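Subject: Structure for your review

Dear colleague,

Please find below the structure that I am handing over to you.

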Amino acid sequence: MTTDYLHKLHAVFGHSEFRPHQEEIISLLVSGGDALVIMPTGGGKSLCYQLPALLRDGVGIVVSPLIALMHDQVMALRQLGVRAEYLNSSLDADEARRVEQALNAGELDLLYVAPERLMTERFLAQLDRARVALFAIDEAHCVSQWGHDFRPEYVQLSVLHERFPAIPRIALTATADAPTRAEIAQRLQLDNARHFITGFDRPNICYQVRLDARGSREQLLRFIQEKHAGEAGIVYCLSRKRVDEVTEWLCSQGLTALAYHAGLNADTRRNTQQRFLAEDGVIVVATIAFGMGIDKPDVRFVAHLNLPKSLEAYYQETGRAGRDGLPADAWMRYGLGDAILLRQMLENSDADEIHKRVERKKLDAMLAYGELTSCRRQSLLRYFGDVMPAPCGNCDNCLQPPQTWDATTDAQKALSCVHRTGQRFGVNYLIDVLLGKDNERVKTFGHDTISTFGIGKNLRMDEWRAVFRQLVARGYLLTDHDNFGGLKLTEACRPLLRGEENLHIAKQVAPAKRSKAARNHAVPANDDPLFAALRNVRRQIAQQQGVPPYVVFHDSTLTAMAAMRPQTLDEFAELPGVGDRKLQNYGDAFLQVLRDDQY
Ligand code: ADP
Ligand code: ZN
C-alpha cells in the first residue's frame with residue numbers, strides 16, 4: 001500500500017519522499033477517514049488531498065475562498081497531467097458549462113469550487129449524481145467567527161457531512177490556535193476527524209531584524225544587491241505614500257519594483273500580481289493588502305520597512321518567503337516612530353477596551369521580538385506554543401550574537417530626567433537635558449538648573465536614543481498622546497529605579513553573515529552560466545505555455561539539475577520535482593543544455 005503512495009508521489013509530482021504527516025493523512029483519506037490538518041504555510045498541505053483524490057475513485061472537490069490560488073493550483077496540476085478544473089465567478093457561462101459537463105461525464109480528477117457556488121442546490125444535485133472521491137476544505141479557519149477571514153458561506157459547509165456522510169473530508173489551514181481548531185471541528189462537524197498538527201517552524205527562513213530606521217531604503221538596496229540580485233521579493237511598508245516612494249526609488253536604482261496598495265485601481269493591481277508570478281526577479285513593494293492568496297514558491301526575501309502590528313502578522317507575511325523550502329530571508333528595519341504610530345492607531349480605533357488590551361499586548365510582543373538579543377526563531381515559536389530546545393543557528397542573533405551592555409544606571413538617569421522635567425517632553429528634548437545642552441529651550445524651561453542636567457555625558461546621542469527606545473518598548477515609559485507625544489513614567493519603572501531589575505541593550509551590530517551550512521544549500525548564484533541557461537529554457541517554456549516559470553519547474557529542481565547534471569532521460573527522472581509528464585514534456589529541452597560542454 002505504502003509503496004503505491006510513494007510510487008504515485010514520484011510518478012505524478014516527482015517527489016521522492018513524503019513530508020511529515022503527509023503519508024498518514026493520505027492513507028487515512030484513502031481508507032475513508034476524515035482529517036483536520038494544521039500545517040504551516042509551505043508545509044505541503046495541497047498534496048494531502050490531491051494525492052488521495054487521484055488514488056480514490058471519482059473527483060476530489062476542493063473548496064477554496066481564494067480565486068487567484070485556485071487558478072494557480074489548477075494550472076500547476078494540469079502541467080502534471082492531472083485533470084483539474086475550477087468553478088468560480090471568474091468563468092463565463094460557457095466555460096462554466098464546459099466544466100460541469102466534464103464533471104457529469106466523470107472526466108475530472110480534481111475540481112476547485114468557490115464555497116458560494118458549491119452551496120447552491122443546483123451544484124449539490126450535480127454532486128449527488130457524480131462520483132466524489134473526497135471533499136477538501138482549504139483555509140478552514142474561514143469558519144471561525146473570531147478570525148479576520150470569516151466567511152459566512154463556510155459555516156454552511158457542514159451540509160456536506162449531512163448530505164454525503166460516506167465521503168471523506170479533510171479541512172486544512174495554516175493558522176489555528178486551539179480554540180479556533182475546536183471551532184473548525186465543531187462547525188464543520190468533523191467529530192471523528194483525526195487531527196494533524198505540525199510545527200510552525202520554517203527552518204529555511206533566516207530572520208534578521210534591526211532597530212535602525214535611518215537610511216533604511218539604502219540598507220534595503222544593499223541587502224537586495226548583495227544577496228538577492230535578480231530574485232523575487234516582497235517589501236512591506238505601512239503607508240501607501242511610503243510604498244510609492246520606495247518603489248520609485250528602487251526603480252531609479254535599476255531594479256524591477258512594482259507598487260501594490262488599495263489606492264491603485266483593480267487593473268493595475270491585477271497586472272502587478274500577474275507580473276510578480278510570471279516574471280523572474282520582480283519586487284513588489286506593498287502595504288499588507290498584498291499577499292493573501294499569492295502562492296508563489298520562489299519568493300526569496302520578504303523585507304519590512306516598518307514594524308508589523310503583531311507577531312501573527314509578521315509570521316504570516318514573512319511566511320510568504322521560501323515556500324519551496326530553499327533558503328530565504330525575512331529582513332526588517334524599523335524605528336521607534338513605527339511603535340508610536342502603531343500605538344496611536346490602536347488607541348484611536350473604535351475597538352472596545354477588551355479588544356484594545358489584546359492588541360496592546362500583541363504590539364508589545366512584536367516590539368520585544370524586535371529588540372531581542374537571543375535566538376529569534378526560539379522566541380517566535382514560543383509565542384505560537386512551539387518549543388524549540390536549542391537556538392536555531394539561522395537568525396541574526398544566532399549567526400552573530402549581539403553584544404549587549406548594562407544600561408541600568410543610564411536607564412535610571414533617563415527615567416529620573418523624565419520625572420524632573422514634568423513628564424511632558426519628547427525624546428530629543430530629554431536627551432538635550434541629559435547631555436547638558438544649555439540651548440534657548442532648555443533655559444526657557446529652567447531645566448539647566450535641575451539635578452539631571454548634564455548627567456548623561458557618558459553616552460552619545462544615539463546611545464541615549466537606544467536607551468529611550470528600550471524603555472518605551474519594554475513599557476517603562478509611555479507616550480502621552482494628549483500631550484504632544486511627551487513621555488510619561490509607568491508603574492512598571494519602579495523596580496528598575498530601585499535597582500531590582502536590570503536593563504540590557506544590544507550594541508549596534510554589523511550585518512549578519514550566512515552560516516556555511518545555509519550557504520551550501522543556497523540557490524546558485526545568478527552568475528553561474530549553467531543555471532542561467534537552465535533558467536532561460538524554463539522561461540521560454542513558461543512563455544510558450546502561458547504559465548509562470550515555477551509552474552514548469554521550481555528553483556529547487558533547477559538547482560538539483562545544475563548540481564547533478566543528468567545526461568539521459570533516466571537520470572533526469574531522478575531529479576526532485578520531475579514526474580512522468582514533465583519528464584516527457586520538458587526533459588529533452590533541458591538535457592540539450594545539460595549536455596552542452598560550454599557550460
Ligand atoms: P501549503 O499549501 O501547505 O502552503 P503547498 O501544498 O503549496 O503548501 O506546498 C508547498 C511546496 O512544497 C510546494 O512547492 C510543493 O511542491 C512542495 N511539496 C509538497 N510536498 C512535497 C514533498 N513530499 N516533497 C517535496 N516537495 C513537496
Ligand atoms: Zn536563532
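Helix α10, which covers residues 178-187, has T180, R181, E183, I184 and A185 among its buried residues. Please note that this is a predicted model.

Although Q189 is not a glycine, its phi is positive, at about 55°. Is Q189 buried, exposed or partly exposed? With a relative accessibility of 25%, Q189 counts as partly exposed.

A positive phi is also found at E139, again a residue other than glycine, with a value near 50°. E139 lies in the loop between β5 (132-137) and α8 (152-155). The relative accessible area of E139 is 18%, so this residue is buried.

**The nonpolar cores**

In soluble globular proteins, nonpolar side chains tend to be buried together. Which residues touch the most other members of the largest nonpolar core here? They are L111, L118, I170, Y314, F572 and F590, in a core of 141 residues. Helix α25 (residues 529-545) contributes the largest share of this core, with seven residues.

Leaving aside residues up to four places away in sequence, F590 touches L534, V537, R538, I541, F553, L558, M561 and F572. There is also a second, separate core of 32 residues, and L435, W464, F468 and V472 are included in it.

**The chain as a whole**

The chain contains 29 helices and 17 strands. Its C-alpha trace spans about 90 × 65 × 45 Å along the principal axes.

Of the 599 residues, 53% count as buried. Among contacts with a separation of 6 or more, 72% are made by residues 24 or more positions apart.

The chain exposes about 27000 Å², of which carbon and sulfur atoms supply 49%. As for charge, the chain has 71 positive and 75 negative charges, and their mean positions are 4 Å apart.

Yours sincerely

Definitions and conventions:
Residues numbered from 1 in each chain as written. Chains lettered and ligands numbered in written order. Predicted model: local features only at pLDDT ≥ 70, side-chain atom pairs only at ≥ 80, totals over all residues. Heavy atoms only, no water. Core = buried A, V, L, I, M, F, W, Y, C linked by side-chain atoms within 4.5 Å. Buried < 20%, exposed > 50% of the residue type's maximum accessible area, 1.4 Å probe, protein only. Helix = DSSP H or I, 4+ residues; strand = E, 2+ residues; numbered from the N terminus. Contact = heavy atoms within 4.5 Å. Areas by Shrake-Rupley, 256 points an atom, 1.4 Å probe, with all protein chains shown as cover. Lys, Arg positive; Asp, Glu negative; His and termini not counted. Charge placed at Lys NZ, Arg CZ, Asp CG, Glu CD.
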